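Welcome, and please open the structure in your viewer.

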Amino acid sequence: MCRIIAAGKEAAVARFLQEFPDAPRAGRDHPALGGCDDIAWADFGCPAGVPALLRGLLDPAAAAEAERVLCNVLMDGVFTMGPAMPAALPFLLRLAADPAVPVRTELVEVLFVVAELSHPVDGGSERAIRFLGSDHDHPERARCRAVFFEHAELVRGLLDDRTLPDGLIPPEERASLLKAAAA
C-alpha cells in the first residue's frame with residue numbers, strides 16, 4: 001500500500017510540473033525557501049519535486065494547485081502527517097509569514113492542522129490511539145512541535161498579524177498553535 005501512495009505522490013508532482021513548468025522558478029531566490037534544495041526529500045518517502053512545489057506557492061498562477069499537491073505529498077492520510085512534514089514545516093511557517101504569498105491564508109490554515117495533529121496523543125485513551133496512533137509510532141508529532149518551538153517568534157507574529165483576514169484565526173486555532181510552539 002505504501003508504494004501505491006508514494007507512486008501517487010510522484011504522479012501528482014509530475015502532473016503539477018507538467019501543468020505549471022515555470023512555477024519552480026517563481027520562488028528561486030525567496031529567502032523563506034533557502035535550503036529547501038538541500039533536504040533529501042526521498043529519505044522521507046517524498047518525491048524529489050517538493051522544492052518545486054514550495055516554489056510554486058509563490059507563483060500566482062500555480063499557487064493554489066501547488067498548495068493542494070504539497071499538502072497531499074506531506075500528509076499520509078486525513079489525520080496523519082507524513083514523515084516529511086517536520087522538514088517542510090519551517091518553509092511553510094516562513095512562507096505563511098510573508099503577506100506577498102498568494103496562498104498565505106491557505107498556508108495559515110495548513111499550519112492549524114499541523115499544530116493540531118502534532119499534539120501528543122493521550123496514551124491512556126485506547127480510542128485516541130486507535131484513531132490517531134501512538135506517539136511512539138508517529139515521531140513526526142514531536143518533531144513538528146520542536147519546529148513550532150524553534151520558530152515560536154514566527155508563530156506569535158502570525159497570531160498578531162493584522163494583514164490576515166479577520167476571523168481567520170479563531171481562539172481554538174490560536175490556542176493550538178501556541179500550545180505547539182510551547183513544546
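A pocket here is an open set of grid points, on a 1 Å grid over the protein atoms alone, with protein on both sides within 12 Å along at least five of seven lines. Keep in mind that this is a predicted model.

**Stop one: a pocket.** Select Leu158, Leu159, Asp161, Arg162, Leu164, Pro165, Asp166, Gly167, Leu168, Ile169 and Arg174, and you have the lining of the second largest pocket. Its volume is about 160 Å³. Sorted by class, the lining has six nonpolar, one polar and four charged residues.

**Stop two: the core.** Next, select Trp41, Leu54, Leu57, Leu92 and Phe148, the residues with the most contacts inside the largest nonpolar core, which has 57 residues. Among the elements that give two or more residues to this core are helix 1 (2-19), helix 4 (63-74), helix 5 (85-96) and helix 8 (140-150). Which helix gives the most? Colour helix 5, which contributes nine residues.

**Stop three: Leu57.** Centre on Leu57 and show its contacts: leaving aside residues up to four places away in sequence, Leu57 touches Ala63, Ala66, Glu67, Leu70, Leu92, Leu95, Val101, Pro102, Val103 and Leu107.

**Stop four: Met85.** Go back to helix 5 and pick Met85. Is Met85 buried or exposed? Met85 counts as buried because its relative accessible area is 2%, and buried means under 20%. With residues up to four places away in sequence not counted, Met85 touches Leu74, Met75, Leu92, Val114 and Cys144. Finally, draw a C-alpha to C-alpha distance from Met85 to Cys71: they are 14 residues apart in sequence and 9.2 Å apart in space.

Definitions and conventions:
Residues numbered from 1 in each chain as written. Predicted model: local features only at pLDDT ≥ 70, side-chain atom pairs only at ≥ 80, totals over all residues. Heavy atoms only, no water. Core = buried A, V, L, I, M, F, W, Y, C linked by side-chain atoms within 4.5 Å. Buried < 20%, exposed > 50% of the residue type's maximum accessible area, 1.4 Å probe, protein only. Helix = DSSP H or I, 4+ residues; strand = E, 2+ residues; numbered from the N terminus. Contact = heavy atoms within 4.5 Å. 1 Å grid on protein atoms, 1.4 Å probe; cavity = no way out; pocket = protein on both sides within 12 Å on 5 of 7 lines; lining within 4 Å. Points joined across faces, edges and corners; volume = space filled by probe spheres on them. Nonpolar A, V, L, I, M, F, W, Y, C, P; charged D, E, K, R; others polar.
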